[in-house]
Amino acid sequence: MCELFGINSKEDYPINSYLKEFFSHSSAHPHGWGLALMEEKEAQVEKEPLQAAKSNYLKERLSIPVVAKNAFAHIRYATIGNVEYRNCHPYTMRDLTGRHWTLVHNGTIFNYQPLDGYVSIQNGETDSERILLYIVEMVNQQESRLGRPMREEERFSLLDSIIVEMSAGNKLNLMIYDGELFYVHTNYKNSLYELDKENRVLFSTVPLDTEGWNPVIFTTLLAYKHGQKVFSGTKHGNEYLDSEENMKYLYSIFSDL
């Protein structure tokens, strides 16, 4: 599986030490790396279809301070989609109001029919990209019905309903940033941890140091702002469990990469 890292902070915060430890795990996740530094209206995304430990660019990038209020990092173990730039995370796109959405995902969508229609229009091949395309289209449709941009609580409610439905039978560890809210979800046990510090919270697939990392609240969409949890969604109980059928499916796909 892939690994995820994220931070949501009230103030700019240096994250080089966390990123260096995170990207050091790339020997087990060799199919690409990505980094997104996000502001309210912009997302600066850097990524390569290359093992992070072998990237001269990333080495140089981390030799200077990386400071952010909101950031994602990703190291990829390819399951769906070839080892190409277009299949590397993070993914980012704008909705019709100009809001910038950014996503990283660790997991697999085995069966969720609403995503099928995006295969022909996405840039890459991953189910992760299709998740973002679908979410942004649902946002666009809802705002068109309302005739105005959605408020924070309305966006959260919409994403909560999407995640509840999509998580059934699918592995859905993800983080999303919409320019205001930082969304987090896990439904695979012991695969996403958080570190709460004053006015900031950090997330990682595995703890990155010996500080007090704790498992993220399970099978529930969460949203953070300025380092504080502001919304907690439906406790849906759709835990993802590995199965022989799913493992065979992943093996068959991976053997073709």
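In which helix is the place of R61? In this predicted model, R61 belongs to helix 2, which covers residues 56-61. The residue is buried, because its relative accessible area of 13% falls under the 20% limit. Beyond residues up to four places away in sequence, R61 touches L37, Q44, E46 and V66.

P207 is partly exposed, with a relative accessible area of 37%. When neighbours within four places in sequence are left aside, P207 is in contact with Y193 and W213. The C-alpha atoms of P207 and Y18 are separated by 9.7 Å, although the two residues are 189 residues apart along the chain.

The two residues are set side by side below.

| Residue | Element | Relative accessible area | Contacts beyond four places in sequence |
|---|---|---|---|
| R61 | helix 2 (56-61) | 13% | L37, Q44, E46, V66 |

**Nonpolar cores**

The largest nonpolar core comprises 29 residues, of which W101, I131, Y134, I135, M166, I176 and Y183 touch the most other members. At least two residues of this core come from each of strand 6 (100-108), helix 3 (127-146), helix 4 (152-166) and strand 7 (171-177). Helix 3 makes the greatest contribution, with eight residues. Another core, of 24 residues, lies apart from this one and includes F23, A71, L195 and W213.

M166 is in contact with I109, Y112, L115, I131, Y134 and L172, its neighbours within four places in sequence being left aside.

**Helix 4**

Helix 4 has 15 residues, and its first and last C-alpha atoms are 21 Å apart, close to the 21 Å expected at 1.5 Å a residue. Its buried residues are E152, R155, F156, L158, L159, D160, I162, I163 and M166. These buried residues pack against strand 6, helix 3, strand 7, strand 8 (182-185), strand 12 (222-225) and strand 13 (228-232).

**The second largest pocket**

The second largest pocket holds about 240 Å³ of space. It is lined by 15 residues, and K47, Y91, T92, N123 and E129 are the closest to its centre. Strand 3 (43-48), strand 5 (91-94) and helix 3 are the elements that each give two or more residues to this lining. By class, the lining consists of eight nonpolar, four polar and three charged residues.

Methods. Residues are numbered from 1 along each chain as its sequence is written. This is a predicted model: local features need pLDDT of at least 70, side-chain atom pairs count only at pLDDT 80 or more; totals for chains, interfaces and linings use all residues. Side-chain values use heavy atoms; hydrogens and water are left out. A nonpolar core is a set of buried Ala, Val, Leu, Ile, Met, Phe, Trp, Tyr and Cys residues joined through side-chain atoms within 4.5 Å. Buried means under 20% relative accessible area, exposed over 50%, partly exposed in between (1.4 Å probe, protein chains only). Contact means heavy atoms within 4.5 Å. The expected span of a helix is 1.5 Å times one less than its number of residues. On a 1 Å grid over the protein atoms alone, a cavity is a set of points where a 1.4 Å probe fits but cannot get out, and a pocket is an open set with protein on both sides within 12 Å along at least five of seven lines; lining residues have an atom within 4 Å of a point. Grid points are joined across faces, edges and corners, and a volume is the space filled by probe spheres set on the points. Ala, Val, Leu, Ile, Met, Phe, Trp, Tyr, Cys and Pro count as nonpolar, Asp, Glu, Lys and Arg as charged, and the others, Gly among them, as polar.
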